[in-house]
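Open your viewer and get ready to colour by chain. We will walk through the model one stop at a time, with something to select at each.

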Amino acid sequence: MTMQMPPADPAIIARREQLAAGLRAIVGQEWVVSEESERAPYQCDGITAYMAMPLLVVLPASADEIRRVLLFCKENGVKIVPRGSGTSLSGGALPVLDGIILGTARLCNIVEVDPLERIARVQPGARNITVSEAASPHGLCYMPDPSSQIISTIGGNVAENAGGVHCLKYGVTANHILGLEAVLMNGDILRLGGDYLGAAEGGLDLIGVLTGSEGLLAVITEITVRLVPKPEMARVLSMSFSSVDAACHCVGAIIGSGIIPAGLEFMDRKVLDAVAPLIQETFDSNTAALLICELDGSKAEVDALVQAVTAIANKEGAIEVRASNSDAERERIWRSRKLAFAAIGKLCRDYYCTDGTIPRNRLPDVLAKMAEFSKKYGLNYANCFHAGDGNLHPIIMYDSRIPGDLEKAEEFGADVLRTCVDVGGVLSGEHGIGVEKRDLMPHQFSAIDLEQQQTLRCAFDPTELLNPGKMFPTPCRCAEFGRMHVHNGQLRFPDVPRF
Amino acid sequence: MSETAQKTAATAMRPTKPEDVASVVKDAILNGHKLDIRGNGTRTGYGNPVKADATLELGGLDQIEFYEPEELVIRLGPGVTMQTLRATIAARGQYLPFEPPFWTGLYGTDPARATIGGTMASALSGPRRLFTGAARDYILGIQGVNGQGEHFVAGGRTVKNVTGYDVSKLMIGSFGTIAALTSLTLKLWPAPPREQTLLFDATDLDADLVRTAEILRAPIAVSGAVRLETPQGWQLAFRIEGMQEGVAEHVAELTRRIDRPVAATLDDKDSAAFWTTIRELEPLSAAPDELIWRINLPVSQARGFIDVARQRGGLSRCFTDWGGAEIFCTTKPDTATDDAVSRFRALAKACGGHATLIRAPDALRRSQGAFPPASDAVAALSTRVRAAFDPMGLFSPGRMTVA
Amino acid sequence: MLSHIPQKLLANPDIALSGDIIGNCVHCGVCLSHCPTYTVIHNENDSPRGRIFLIKDMYETGGAPDAKTVEHLDRCLTCLACEAICPSGVEYSKLIGHAREYVEANYKRSPWQRTIRSTLEMLLPRPELFRLSLYAGKLGRPFRGLFSGTIRAMLDMVPKNPLPGKGKINRPGVYAAKGQRKKRVALLTGCVQNTLDPAINDATVRLLNRHGVDVVVARGAGCCGAPAEHMGDEDKALPYVKANINAWLREADSPEGLDAIVINASGCGTSVKAYGHALRNDPAWAAKAARVSALAKDITEFMTDIGLSKPVIETGQRVVYHSACSMQHGQRITVQPKALLKDAGFEVLDVPEGYLCCGSAGTYNLLQPEIANQLKDRKLKNLKSVHAQIAASGNIGCITQLADEAGIPFVHTVELLDWATGGPVPPSIKGNVS
């Protein structure tokens with residue numbers, strides 16, 4: 001599959017060795033990867049369907065090196081694709097042929113953990129889980145826990161505004177960032193917020209804009225995150241239902257009752273069948289869907305919540321409700337969810353997972369639509385997702401060896417995402433737009449909405465060299481924006497060329 | 001200008017429909033008019049005075065478009081008053097966790113007219129911000145009109161959404177300098193059924209803040225942590241909220257962990273009333289001619305700052321919020337000078353923090369700015385960001401920046 | 001991940017299997033988190049996910065791999081932390097094993113590299129020669145500053161303390177159970193271990209005998225074959241493998257039979273447990289090899305099965321347990337050693353970042369001394385951070401790599417189990433721990 005990207009400049013590609021020499025002068029000989037065989041592993045991120053050979057891979061070791069690399073690239077008109085651990089599920093770190101990969105892997109230190117302020121200051125390449133590990137001796141943790149947390153970096157989490165199982169109750173990455181240091185293409189170093197709770201008060205919320213900006217605005221060089229106390233204890237309920245609808249209604253009923261679980265996950269029958277052999281468990285043959293509900297807090301609180309949710313589930317027609325009575329049992333229940341994607345991976349040659357979010361009460365409608373699409377494309381699918389926040393992750397199964405199968409899977413996914421938007425939802429809940437959902441943006445946003453976002457990008461990076469070809473289906477035309485004049489209140493609907 | 005945009009004064013426009021907002025802006029473009037954008041204007045004392053040719057009041061956009069309690073979401077016009085909003089969602093057991101203050105008492109305006117639009121544009125968050133996040137954390141989507149008279153949409157209505165830049169957050173705390181909001185979509189939360197506040201006698205400030213930090217690191221649902229002067233002397237107050245079972249346990253855990261006896265306990269209504277006074281900065285008992293400040297700084301620096309501000313900054317009364325990371329204080333009337341204000345700001349900066357003038361005479365806010373000055377890089381970027389939405393600089397010029 | 005390996009290469013069943021394994025990789029990146037070389041180098045080419053890409057390209061291109069590809073494949077420690085954590089079940093061990101064979105068959109190494117590799121292949125499996133070379137090394141150790149790279153690493157491997165005498169358990173025979181015989185096992189005495197630290201085998205035999213187990217050192221059994229295999233030289237490894245299979249099956253088929261083949265070096269254990277896979281395509285050997293692999297048990301697995309007797313001395317020392325990669329990742333034995341140490345009355349502590357290799361990894365510390373030293377330093381820092389009194393591990397390679405600089409006695413798990421249940425104080429602990 002070749003994703004349409006901005007045209008590569010052959011003159012830049014021809015200068016590879018010369019550019020490598022210039023970059024080596026900044027980061028050191030061994031930290032510019034130029035051999036073709038060694039660039040190959042950087043051809044894709046978490047989506048292997050899209051690949052492109054980067055011009056060079058540059059691995060700087062400091063914010064200053066990053067700044068000098070950006071200035072060098074600006075001077076030479078070289079595009080830059082920032083990359084953390086390369087786990088994006090939307091092609092956010094997909095290289096461009098005439099651009100470098102700017103990897104943050106060497107900037108992986110936890111600079112400080114301050115228990116008094118309850119913050120951690122970390123470098124962008126620090127892995128998510130290492131922050132909680134460093135905070136743990138103080139009884140604290142970093143709450144956002146994308147399922148990639150063992151390897152995905154905080155820098156990448158900020159760029160994608162990563163979510164995770166616990167964001168239903170505790171919020172997404174954006175809710176946990178107190179300070180950012182970032183470098184703009186013009187070499188300016190931004191220091192936003194800082195190392196304490198109210199550091200970002202006053203001024204525009206530029207941290208809010210940078211969080212989730214998918215590497216198109218600036219390169220983040222340091223992050224201060226908020227740490228919170230580790231929950232005292234948690235219990236998990238496993239609730240089976242004889243219909244998908246009943247399970248969906250139960251989700252609404254739990255949250256409508258005023259209970260916000262720490263996590264609320266949905267798995268359909270296909271997922272359960274796939275997982276069953278891996279966890280040596282059988283599921284009741286009448287079970288069509290399973291909800292996993294984590295409740296945390298103090299002991300009496302959690303016990304009361306378990307009772308309340310059990311009562312709701314029973315009222316909503318659950319066939320079986322099981323509650324964990326130990327951490328080992330809790331782990332066992334979670335295991336089925338954690339193994340879901342790997343288990344599906346064993347059922348098919350390849351799968352494609354997308355990421356739309358919808359109002360919870362539209363879950364039954366959208367799940368019914370998926371069944372229709374499955375027939376339309378002749379592809380099997382399974383559902384395993386964050387039900388509590390309506391964040392769907394349909395797993396569409398295909399075989400990359402069959403010509404046209406991937407394209408069908410992509411169309412299937414696009415149909416699902418369009419449906420999400422049509423019922424009041426959005427294209428992406430946590431994976432980001434990247435290249436994967438880029439061309440669907442006009443389905444959610446009007447030309448003016450998109451142009452407004454693009455002019456915002458120009459305020460940060462008028463060179464458009466940072467992560468080009470991502471998020472927007474058209475170039476930003478920052479140069480024109482810079483010359484823009486009053487149109488006497490006339491609406492502007494320019495015909496913009498598509499990639 | 002559009003006929004439907006109701007003229008409330010010679011230069012004040014008060015549209016009642018989103019499309020009329022666009023018409024007002026287009027008219028302003030044609031006439032080269034600068035617009036002072038506000039809700040009902042109850043908090044214009046917060047931020048810098050604006051020099052504009054006309055006022056665009058969004059208070060007329062006062063409709064709730066939808067409220068879906070089971071989805072924890074509401075979409076409403078910026079002109080819906082805080083009282084209406086709070087009553088509407090309270091009827092379904094929900095609330096705005098970031099506890100936005102009104103501050104109308106500080107500005108001598110009518111609390112009944114304070115709007116959600118103004119609250120969000122001013123990024124007003126109260127004591128619970130410590131626990132549940134700030135105003136910015138509860139915005140899901142916005143609609144507005146940019147400086148070219150175009151209606152645009154950003155964000156959505158779902159809690160998880162990473163589709164495009166988070167322009168919605170950019171609006172929070174932008175004081176009308178980016179766009180004229182026509183709609184806000186907010187995330188709501190179930191209101192905790194019970195709350196209890198425990199007061200303890202204070203000791204040394206540093207020791208109290210270290211102890212507070214220990215409490216805040218424990219798995220106790222502390223949703224308010226202030227240190228203030230009461231008729232009983234300096235006291236520490238902690239609020240615990242949640243369901244019945246949880247509150248009892250957390251209170252027990254708090255009293256176990258703190259090193260002193262409980263001086264007083266406030267239940268539910270009394271507790272709520274106590275935190276309303278905190279939220280509205282009543283412990284400052286600010287005299288009309290005193291300046292009111294908010295200082296955000298590292299907890300570790302709070303003691304040092306208060307000491308030096310008393311000695312050299314003209315500080316008269318203060319209390320600490322957010323476990324010590326936020327100080328509210330008044331300074332004496334004679335500090336209402338350019339010199340005194342910049343000196344005071346320098347003291348905050350020396351402590352690693354920054355100081356915002358919450359209330360000061362217009363002239364002083366005009367010359368010194370209500371907000372702490374940004375670095376050159378951040379100031380330049382902020383200017384470009386505003387220009388990306390409002391290239392002609394029509395919206396609330398000078399509200400956040402000093403010329 | 002989709003691969004396009006040419007049909008010609010797919011005729012090789014190992015490469016065909018590799019293609020299937022590559023197909024299971026979804027490029028999620030989880031393996032990077034536990035990869036020691038990625039942790040210290042930060043280049044994706046030195047990670048499992050990167051190496052899978054390199055291997056895929058190597059087969060897709062065919063012919064001789066380029067020097068960079070070989071360099072990155074050589075740097076892999078084969079610790080298998082990646083395989084243990086992979087959510088998709090990618091069998092990296094097979095992938096890297098086959099790739100190494102491909103490299104050895106298709107890539108011409110420099111003469112210097114070839115000399116070093118063949119020297120190691122010759123020395124390590126031969127205890128007597130290895131002993132001799134250690135004596136030579138003893139003379140050379142003071143001059144090790146003159147050397148760098150592999151030679152220096154080999155000299156560093158020579159223990160600072162006087163070389164131990166020959167162990168008791170170095171000749172074939174049967175060491176009889178004390179009291180009533182409950183089980184009969186064969187013991188792999190190991191090649192390196194028997195030379196570097198014969199006390200381990202002595203302790204193992206005492207422990208087993210005390211628990212009513214007959215221990216057979218089978219005639220004809222020797223090195224497990226791992227040293228050659230680590231270097232991709234399967235042909236050189238196979239004679240060792242086959243000799244062992246013959247020796248053990250002779251015992252197993254004797255009237256007294258065998259309940260298990262007990263191995264007390266987890267590196268060797270991983271290798272023996274993989275005999276079945278290594279010979280799966282050889283009709284004459286496949287069944288026999290599978291039988292041996294099924295009988296193979298780490299000493300801690302075996303002791304867990306028969307149960308440890310009550311400690312007879314006052315224990316309670318703080319023991320930090322270092323889990324060898326071949327133990328935790330290769331054999332997925334994670335709970336038994338710690339549980340046994342707790343049963344023996346010790347307070348057991350984990351090493352932070354315990355999943356990371358210590359850099360020893362068979363012959364790795366000799367072939368890649370620079371990376372091995374970085375990993376060693378990191379492991380030592382983590383090990384020291386828990387302030388234990390004794391360090392224990394189930395693999396001679398790790399013990400050799402870490403013991404000199406651990407700052408506390410570093411023993412084999414069985415030495416502690418033997419001591420607690422009635423054996424002598426382990427030599428390195430004597431006088432060092434209260």
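Strands pair here if DSSP finds at least two bridges between them; helices (H or I, at least four residues) and strands (E, at least two) are DSSP runs, numbered from the N terminus. This is a predicted model, in which local features need pLDDT of at least 70 and side-chain atom pairs count only at pLDDT 80 or more, while totals for chains, interfaces and linings use all residues. Residues are numbered from 1 along each chain as its sequence is written, with chains lettered from A and ligands numbered from 1 in the order in which they are written.

**Stop 1: the sheet in chain C.** Select the open sheet of 5 strands in chain C, ordered β1-β3-β2-β4-β5 with mixed pairing. At its edges you will find β1 (173-175) and β5 (296-298) of chain C, each pairing on one side only. From one strand to the next, the twist averages 35 degrees; axes are lines fitted to C-alpha atoms, for helices over the stretch in contact, and angles run from 0 to 180 degrees between N-to-C directions.

Now pick β2 (residues 183-188) and β3 (residues 213-217) of chain C, which run parallel and are joined by 4 bridges. Click on C:R184, and its bridge partner in β3(C) is C:D214. Next, show helix α13 (residues 198-210) of chain C, which packs on the sheet and touches β1, β2 and β3 of chain C. Residues count as in contact if their C-beta atoms, placed from the backbone, lie within 7 Å. The direction of this helix makes about 145 degrees with that of β3(C).

**Stop 2: the sheet in chain A.** Move to chain A and its open sheet of 5 strands, β5-β6-β10-β8-β9, with antiparallel pairing. β5 (110-114) and β9 (189-193) of chain A each have a single partner strand, so one side of each is left without a neighbour in the sheet. A:G179 stands opposite A:G193.

**Stop 3: where chains A and B touch.** How many residues of chain B are in contact with chain A? Select 74 residues of chain B and 87 residues of chain A to see both sides. On the chain B side, α13(B) gives the most, with 9 residues.

**Stop 4: where chains A and C touch.** Finish with the contact that takes 23 residues from chain A and 25 residues from chain C. On the chain A side, α3 (36-39) and α13 (340-347) each supply at least two residues.

How values were computed: Two residues are in contact if their C-beta atoms, placed from the backbone, lie within 7 Å.
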